[in-house]
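Please walk me through this structure.

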Amino acid sequence: MTASVTPTHCPYCALQCGMNLTPAPGGGVTVTERADFPVNRGALCGKGRTAPALLSSRVRLTSPLVRTGGVLRPAGWDEALSRIAGGLARTRADHGPDACGVFGGGGLTNEKAYALGKFARVVLGTSQIDYNGRFCMSSAAAAGIRAFGLDRGLPFPLEDVPRTGCVILVGSNLAETMPPALRFVTELKENGGTLIVIDPRRTRTAEQADLHLAPRPGTDLALALGMLHLVVAEGRTDEEYIRDRTSGWEEARAAAMVHWPEYVERITGVSVPQLRHAVRMFCEPENAMVLTARGPEQHSKGTDTVGAWINLCLATGRSGRPLSGYGCLTGQGNGQGGREHGQKADQLPGYRKLTDPAARRHVAEVWGIDPATLPGPGRSAYELLDAMGTDIRSLLLMGSNPVVSAPRAAHIEERLKSLDFLAVADVVLSETAALADVVLPVAQWAEETGTTTNLEGRVLLRRRALTPPEGVRSDLEVLHGLAALLGVEKGFPADPEEVFEELRRASAGGPADYSGITYRRLAEENGVFWPCPAPGIPDAGTEARGTGPGAPDAFRKTPDGTPAVADTSAAGGSGSSPSPSSDPSPGSSLSSDPSPRQHPGTPRLFLERFATEDGRARFVPVSHRPAAEEPDDEYPVLLTTGRVVAQYQSGAQTRRVDELNAAAPGPYVEMHPRLAERLGAADGDAVTVVSRRGRAVAPARLTTAIRPDTVFMPFHWPGEGRANTLTNPALDPVSRMPEFKACAVRVEAARKD
């Protein structure tokens, strides 16, 4: 235990709220306010405030478990690691390297995500690695890359939000998923700005809106196209901006113009007067933003849907201008950093493409291997899970609980059971870990140092405040031990700062360039926004970096070789406020002092040019198409899913916190009273929701805040109330995102036995 207050960050969502950990009498820590961090200014939700409850040995794993005779029993680390190494080695010998799968998580630190991707490709030699972030932000990421040439959730700091004129919040319930962020829209309204919320439910966030639009689930694409149609028809396009800063407008314009307002009203249920009102609210201020979350993204057309909202921003001259533009509200704790450094199926560190020869050469040189030995791209998350027991025979899983979180979850549960070998590293015995042949207890956020990258692209330092309990090791120690047992003695250090130093070199010159970031800088500057290149660190050259005339300003160099960026303002920028402590962890050695010419980081992207070949943003023509599964006579109702304020993701951690469980003890089916009346169901009665993939049973919760043709279920629970038993694994053709947000169901009154 450190002797004084330890400044760090919350283990939950992508805000990565700042908090201080203070020694508690009798052991452990308590959370206290950390007002110097600009994202939350000391405010915390209930999850963050109660996070230390998970550090208790009462709720966590403290010993490895191995399966003997069908039962998990405590074991020593040598036995557990040997069992895992043996299982993976046998699979590789009998079926080839691609029969070994690796599945990561958006909550892993940057160091862990980097090391996991390297372990899969260097030690196992497998292409079969992906992570649960594929289920969260992948559609927005794909759309951002298509339009801007770069994916960073928010291209501006959150502090810009209250200073704009209008925000369209699409499919986000900030009040429950990111409560401390709600103050940004509250301040927006206090400053005279307006808020439009688009959500099929009248959520706590929608209640704050100046205008709430409630489309049918699965029709956000049509809604965005209808608004763009009106922008054109009413002469609200910014022709000078379109001419000077974009390409592809004519094709995108033609695609939008067939979505006339009356047609869009029939598809979405949003009236033409509401559409016109929304367009006026968005276009009349000098500055405006569109922020999307999982609502429009978790669809089989999620990439096109986000692309349509980006087209609206481009047509009105918003993106790449101060206090304006498009942004994605990334969800998981390290959802941004987790998709940048190699645990995705198609990716190398620094957000490099696995198919790019220059990127392969650069990373292979850092790793000390032949580029030819690097595997190619593998399966996406759902496809990887679906292939278990057939093409994939063994799986190493870290920081994920797909038994609860994957679509068509009952099928995925059976696929997990069909594996020859399953190893899980986790903090708790999750529903997925309970199926494993070996379970490893790993350290938590307060027990280890590491970096995360929040939804703004701000790289942060989480600091160790406690020593892990005896019997618990870090994920980096796990990978170090497994690599050694599998014949790779070097290249997998257990020290997180050593891993980060290698990550810096591997990311140098890539789109997500961290090479100018050090632990010392993160401690002293309260975070640094990427890209942040460092002069003098070798990179892959202009072929991979794009330092020629078409390169984005954030990556270009001045004639003397130093980096140049479009905007390096420190206002909310790299977070110039000093941290209460510059010591990242007990006994840590800090990197050398930063150079006086160090890059300041890039809080605001695209102000001069976009990260495309020609520096222009790209319109992408898109058209409405229905959900993969529309209601019919047998399944006449739409199901949509989401989160509640007191639980998080699969609930593996939050369901073990008494205070949170008291606030949200179990699943429910939210429905309109008119639907309940047709079923003969009263509030609190058990109802059965049936889809083509299974059934779930939970109490009815009646409210007029939801459309009569739609029901909502939170997805945090296993068992008979598991919402993802019902959801549709239909995949977006670009992002490979499953369609969590819309599937056809029927609702029945549950039988009373």
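**A guided walk through the model**

Glu613 has a relative accessibility of 73%, so this residue counts as exposed. Here buried means under 20% relative accessible area, exposed means over 50%, and partly exposed is in between, with a 1.4 Å probe and protein chains only. Glu613 sits in the loop between α21 (542-545) and β22 (617-618). Helices (H or I, at least four residues) and strands (E, at least two) are DSSP runs, numbered from the N terminus. Glu613 and Phe148 are 465 residues apart along the chain, yet their C-alpha atoms are separated by 9.9 Å.

This is a predicted model, in which local features need pLDDT of at least 70, side-chain atom pairs count only at pLDDT 80 or more, and totals for chains, interfaces and linings use all residues. Residues are numbered from 1 along each chain as its sequence is written, and side-chain values use heavy atoms, with hydrogens and water left out.

The loop between α21 and β22 also holds His599. His599 has a relative accessible area of 4%, so it is buried.

Now to the cores. In soluble globular proteins, nonpolar side chains tend to be buried together. A nonpolar core is a set of buried Ala, Val, Leu, Ile, Met, Phe, Trp, Tyr and Cys residues joined through side-chain atoms within 4.5 Å. The largest nonpolar core has 117 residues, and Phe119, Phe148, Ile168, Ile196, Trp309, Tyr326 and Leu440 touch the most other members. Helix α7 (residues 220-233) gives the most to this core, with nine residues. Apart from this core lies another, of 54 residues, among them Met19, Ala51, Val185 and Leu466.

Take Ile196. Not counting residues up to four places away in sequence, Ile196 touches Cys166, Val167, Ile168, Leu169, Leu211, Leu213, Ala278 and Met281. Contact means heavy atoms within 4.5 Å.

Next come the packed helices. Two packed helices are described by the angle between their axes and the distance between the axes. Axes are lines fitted to C-alpha atoms, for helices over the stretch in contact, and angles run from 0 to 180 degrees between N-to-C directions.

How do α7 and helix α11 (residues 272-283) pack? Their axes are 10 Å apart, at an angle of about 70°. The two helices are therefore roughly perpendicular to each other. Angles under 35 degrees count as roughly parallel, over 145 as roughly antiparallel, 65 to 115 as roughly perpendicular and the rest as oblique. The crossing of α7 and α11 is right-handed. A crossing is right-handed if the near helix is turned clockwise from the far one by less than a right angle, and left-handed if anticlockwise. From α7, Leu223, Met227, Leu230 and Val231 meet Leu275, Arg276, Ala278, Val279 and Cys283 of α11. This contact of α7 with α11 has eight nonpolar residues, no polar ones and one charged. Ala, Val, Leu, Ile, Met, Phe, Trp, Tyr, Cys and Pro count as nonpolar, Asp, Glu, Lys and Arg as charged, and the others, Gly among them, as polar.

Helix α4 (residues 138-148) and helix α13 (residues 302-315) cross at roughly 45°, and their axes come within 8 Å. That makes α4 oblique to α13. The contact includes Ala143, Gly144 and Phe148 of α4, and Gly302, Val306 and Ile310 of α13. By class, the contact of α4 with α13 has eight nonpolar, five polar and two charged residues.

Helix α2 (residues 77-95) meets helix α18 (residues 475-485) with axes that come within 9 Å and cross at roughly 60°. That makes α2 oblique to α18. Trp77, Leu81, Ser82, Ile84 and Ala85 of α2 make the contact with Val478, Leu482 and Leu485 of α18. The contact of α2 with α18 has seven nonpolar residues, one polar and none charged.

Last, some backbone details. The peptide bond from Trp530 to Pro531 is cis, with omega near 0°. Pro531 lies in the loop between β21 (528-529) and α21. Leu323 has a phi near 60°, a positive value in a residue other than glycine. With 17% relative accessibility, Leu323 counts as buried. Leu323 is found in the loop between α13 and β13 (325-328).
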